[in-house]
2 protein chains.
Amino acid sequence: MKARVFVMLKNGVLDPQGAAVQHALGALGFEGVNEVRQGKVIELDLAEGTTEATITEMCEKLLANTVIESYKIELL
Amino acid sequence: MKARVFVMLKNGVLDPQGAAVQHALGALGFEGVNEVRQGKVIELDLAEGTTEATITEMCEKLLANTVIESYKIELL
């Protein structure tokens with residue numbers, strides 16, 4: 001089975017990567033870019049029968065820093 | 001309007017970040033992790049009326065390195 005985990009910085013946490021992308025888009029002439037936030041997507045190929053609870057545990061222990069990041073799990 | 005761009009390394013391109021995550025999950029005792037690939041997700045807050053063609057242009061020019069990365073656009 002496959003699963004996808006999205007890890008984003010929480011709202012209110014400064015996102016310098018996103019700010020850099022926003023600035024670069026402006027410099028390239030793209031107008032109307034109000035905000036950019038950049039996160040990670042992690043695609044997992046897991047053994048059949050792995051539960052969402054296990055994936056949540058992976059997120060809590062390794063994939064996301066829950067102090068500053070939020071995560072979302074999507075089973076494919 | 002909001003849009004989300006997913007940028008992943010193309011199949012066949014070595015993904016050391018993904019391999020590191022896979023190894024770390026194994027070290028933490030998670031079994032059955034066959035493959036991990038890590039990519040980026042970029043959330044854009046754009047002016048109303050921005051077309052998907054414009055976002056494609058952003059991807060081609062800045063957001064993705066199309067030699068080694070593929071991208072997918074999702075309008076929210």
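At 13% relative accessibility, Arg37(B) counts as buried, a label given here to residues under 20% relative accessible area, while those over 50% are exposed and those in between partly exposed (1.4 Å probe, protein chains only). Its salt-bridge partner is Glu35(B), with the closest N and O atoms 3.8 Å apart, and Glu35(B) is partly exposed, having a relative accessible area of 34%. A salt bridge is taken to be a side-chain nitrogen of Lys or Arg within 4 Å of a carboxyl oxygen of Asp or Glu.

The model is predicted, and local features need pLDDT of at least 70, side-chain atom pairs count only at pLDDT 80 or more, and totals for chains, interfaces and linings use all residues. Residues are numbered from 1 along each chain as its sequence is written, chains are lettered from A and ligands numbered from 1 in the order in which they are written, and side-chain values use heavy atoms, with hydrogens and water left out.

**Salt bridges**

Over all chains the count comes to 8 salt bridges, including the following.

| Pair | Closest N and O atoms |
|---|---|
| Glu43(A) and Arg4(A) | 3.3 Å |
| Arg4(A) and Glu74(A) | 3.5 Å |
| Arg37(B) and Glu35(B) | 3.8 Å |

Salt bridges that share partners join Arg4(A), Glu43(A) and Glu74(A) into one network. The bridge between Arg4(A) and Glu74(A) links distant parts of the chain, strand 1 and strand 3 (residues 69–75) of chain A, 70 residues apart. Helices (H or I, at least four residues) and strands (E, at least two) are DSSP runs, numbered from the N terminus.

**A buried glutamine**

Gln38(A) lies in strand 2 (residues 33–46) of chain A and is buried, with a relative accessible area of 9%. Leaving aside neighbours within four places in sequence, Gln38(A) is in contact with residues of both chains, among them Met8(A), Asp15(A) and Val21(A) as well as Lys40(B), Val41(B) and Ile42(B), where contact means heavy atoms within 4.5 Å.

**Helix packing between the chains**

Helix 2 (residues 52–63) of chain A packs against helix 1 (residues 16–27) of chain B at an angle of about 105 degrees, with their axes 11 Å apart; axes are lines fitted to C-alpha atoms, for helices over the stretch in contact, and angles run from 0 to 180 degrees between N-to-C directions. The two helices are therefore roughly perpendicular to each other, given that angles under 35 degrees count as roughly parallel, over 145 as roughly antiparallel, 65 to 115 as roughly perpendicular and the rest as oblique. On the chain A side Met58(A), Leu62(A) and Leu63(A) meet Val21(B), Ala24(B) and Leu25(B) of chain B.

**Relation of the two copies**
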